[in-house]
Amino acid sequence: MVETAISGASPVIRRNNVTVTGQANGPVMMFAHGFGCDQDMWRRLLPYFAEDYRLVLFDHVGAGHSDMSAYDRQKYGSLDGYAADLLEVCECLELEDVILVAHSVSAMIAVIASNQAPGRFSHMVLVAPSPRYTDDPTDGYVGGFSREDIEGLLASLDSNYFAWAAALAPMVMGNPDEPELADDLRSSFCRTDPAIAKHFAGVTFLSDARPELPKVRTRTLILQCSDDRLAPLEVGIYLHKNLERSTLMHLQATGHCPHVSSPKETAEAIGQYLSYFA
Amino acid sequence: MTGTTDPSLPDFEAWFHQAPSGYLITDDIGRITAVNDTFLHWTGHSRPNLLGSKLQDLMPVGDQILYSTHCIPQLGITGAVSEIVIEIIGADNERRAALLSASRSPASGQDHGNVRVIIFSAHERRMYERELVTALRVAEESEARRARAEKELHHLALHDALTGLLNRAGLEATLEQFLTPPPGDTNAIAALFIDLDHFKAVNDSLGHAAGDELLVSVARRLLPTTRRNSTVARLSGDEFIVLETVAGPQEATALAARLLAILKAPMLIQGLEIVTSASIGVAIAEKDGESIEELIRRADIAMYRAKALGRSRWELHIPAESDPSVDRLRALGELRHGINDGALRVHYQPRIDLHTGHTVGVEALVRWQHPTRGLLPPSEFIGMAEESGLIRSLGAWVLQETLKQAERWYQEDSNSAKLEYAVNLSARQLNDPGLVHMVEDALRRRKVDPSRLLLEITETALMSDPEAALESLTRLKDVGVSLAVDDFGTGYSSLTYLKKFPVDELKIDRSFITGLNSNTGDTAIVGSCIDLAHAVGIRAVAEGVETSEQAQTLTSMGCDLAQGFHFARPLPAPLLAAWLHASTQQRQDTHKPGP
């Protein structure tokens, strides 16, 4: 796969480490990674779309190779800050009719962005989404976690503080089964500033984007995995009910990252949806 | 895991089970397909329980989320993770700190992908890292505290510490947005300038703590009566501003009337029921974008008119109206210029020793040569200067000018060489930390003997902050200047403080002197003031002496010094020199033996 470095990159492009690949003249498919990862997590899925689509990838500020110095705790103290960045990337590259593929916590960032600039996106594909991770006892909403669980996550992040801090990162031993992977990817993948990761986790896992759902006018595909600890079946159903023009598809793929564990099935589901609606 | 039949190779199955770390094999989503004895022993779990269950399920929820969002994709993309810090929950429900490393074999042909996991116990390392992270958090917290303190400081800069309302700076900062209504909005901004009536009396009679309490009560009353998006500020002293969006003047004056009513209700201050009232000036912002200063200035003018028309009422400022006599702010600007441009004059009133009839000193009295209103006496502008703080520069100027004159006379004229110069100090000057230095500096520069300078401080100024006053007076005394209590009898008239403050002279207020001989009460007061002064060993001075009868009575009562029109009006320096010369001549003539 050829990654095109964007020449004369604007501050936005550098800030979010935007890369563009695929079919230069094709319709735009934009990928937003979730918590704990960066744009490299889409690597297994991309080949299925590279021939027909112009693929736009980026890192959220604080993740991957984004500009860590742009991290502002106030701006990124809510999902709005991330949504604003996403829209700035679209604006900067003059992207139109974008098919926005968003994973995990980024799904709600996508929802906010599409509410702010509905004309920008033709479709959203939400992979393993959840509008709220914690249960809400006031209305019986099931998110799958308690507040204490999320605090446990923050504690886990603290525990991995030194493992995540790039300077002290342990060298990953090679895997003889996958010799084709470049060493730099091995050592850089999902690296993040541990303090930022913790803030990001607090912001995303304690946010409640449910009020945004009824405002969405963009056609949306919800990809629901089997046995996903982060997005239980109820959450998928809740989203489907509250997103007016949505389609809910259940994947055989288990876990939280079907585009990593079952890229073929994930790509086929997206392709099937797009061939029907687009 | 299958054993090997090759006898040249070691027994891998035994090696697997007895390895020094926990070894597991899982599928791509973490389901355990094999686990070694070391792991079972370490966790207390049984093999049948673990096979088929997910490795993540042995972790606390936080680790599960991290494993799902970070480790599994990393394994999927890069094929390996290394030394992830996790906890494993044992059969005893205890958490065990561990490091997890894993590598993944992708599916090929019939074989599904599998993940080989090694788990090390990492108790010590975990403890050590936890300490480091805790230290880091403490450092971050202190940084956050610094940021908070900075924010509080910013808040303080924009708010009045006493009432919590915005101060002038805060008002200006807030109003940037307020004054420009969105286009098409027919509403206007109204400013209500509120000044409490007779606030000074409360301060003077009950003390500053009571005055402060009153201001806080007023602030509390003002806040709830205004709308959420309106602004309430305290400009200074007893001056408050309310800014509100109104449909027109009627709504603004209705609000003023409401505020007047609310402020009139009795307040309990230090156990005393106090009824206060206010005067309110109302101004409506001009449509063409008026500045906030201008709007407040107009409301201030209207407020002054409300005061002049009898207080406890509101007045609306009509933009066309202009009344220079109530335009206090304009007058202040003129006064400021006057100080800088040399429009102030010092006149000198002789002080006569009643025992000898000699002129022993002069009191320096300031005049303002106003460009349009002529020569103004202090009563026309000192109050304004005092309220605005201009009094500091004004007072300093008067002192310097007087000492300059003293130096000149000392060099030129033997008649005035021994004169004592009395100069007034205001309350604000008394509380100014730079006062003593200013006085010393002025004396040194003019080479005037400090004992020839007498500083007069009013009774009320002394009592506004007695402790600070005592400190300032003591330091002035150390410099060598003499001190007088001015306007004695109008305030506290307390023997206690007369003894406490290091004063040399007591000046009986002119109002009692006026009643001398005609009002028995006043005569008695003057008599006891003189006795009081003598009782504590200081001079008694009468001011405002206008008739020879008054002078004679004072002499008979034992009063030490006197000044007033009976002897001489305050005179410009050249005229004073002439007067001194004439009176010396006259005395010499009188005492000359007859031909």
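The largest nonpolar core in this predicted model has 106 residues. Those touching the most other members are A:Met30, A:Leu100, A:Ala102, A:Ile109, A:Ala110 and A:Leu126. Another core, of 68 residues, lies apart from it and includes B:Val362, B:Tyr421, B:Ala461 and B:Ala551.

**Around A:Leu126**

**Around A:Ile222**
- A:Ile222 sits in strand 6 of chain A, which covers residues 219-226.
- A:Ile222 counts as buried because 25 other C-beta atoms lie within 10 Å, where 20 or more are required.
- Setting aside neighbours within four places in sequence, the contacts of A:Ile222 include A:Leu126, A:Pro129, A:Gly236, A:Leu239 and A:His240.
- Also among the contacts of A:Ile222 are A:Ser246, A:Thr247, A:Leu248 and A:Met249.

**Where chain A meets chain B**
- The contact involves 42 residues of chain A and 31 residues of chain B.
- On the chain A side, at least two residues each come from helix 4 (147-159), helix 5 (161-164), helix 6 (183-188) and helix 9 (258-261).
- Helix 4 of chain A gives the largest share of that side, 9 residues.
- By type, the chain A residues that touch chain B are 21 nonpolar, 12 polar and 9 charged.

Key. Residues are numbered from 1 along each chain as its sequence is written. Chains are lettered from A and ligands numbered from 1 in the order in which they are written. This is a predicted model: local features need pLDDT of at least 70, side-chain atom pairs count only at pLDDT 80 or more; totals for chains, interfaces and linings use all residues. Two residues are in contact if their C-beta atoms, placed from the backbone, lie within 7 Å. Helices (H or I, at least four residues) and strands (E, at least two) are DSSP runs, numbered from the N terminus. Ala, Val, Leu, Ile, Met, Phe, Trp, Tyr, Cys and Pro count as nonpolar, Asp, Glu, Lys and Arg as charged, and the others, Gly among them, as polar. A nonpolar core is a set of buried Ala, Val, Leu, Ile, Met, Phe, Trp, Tyr and Cys residues joined through C-beta atoms within 7 Å. A residue is buried if 20 or more other C-beta atoms lie within 10 Å of its own, exposed if 12 or fewer, and partly exposed in between; C-beta atoms are placed from the backbone.
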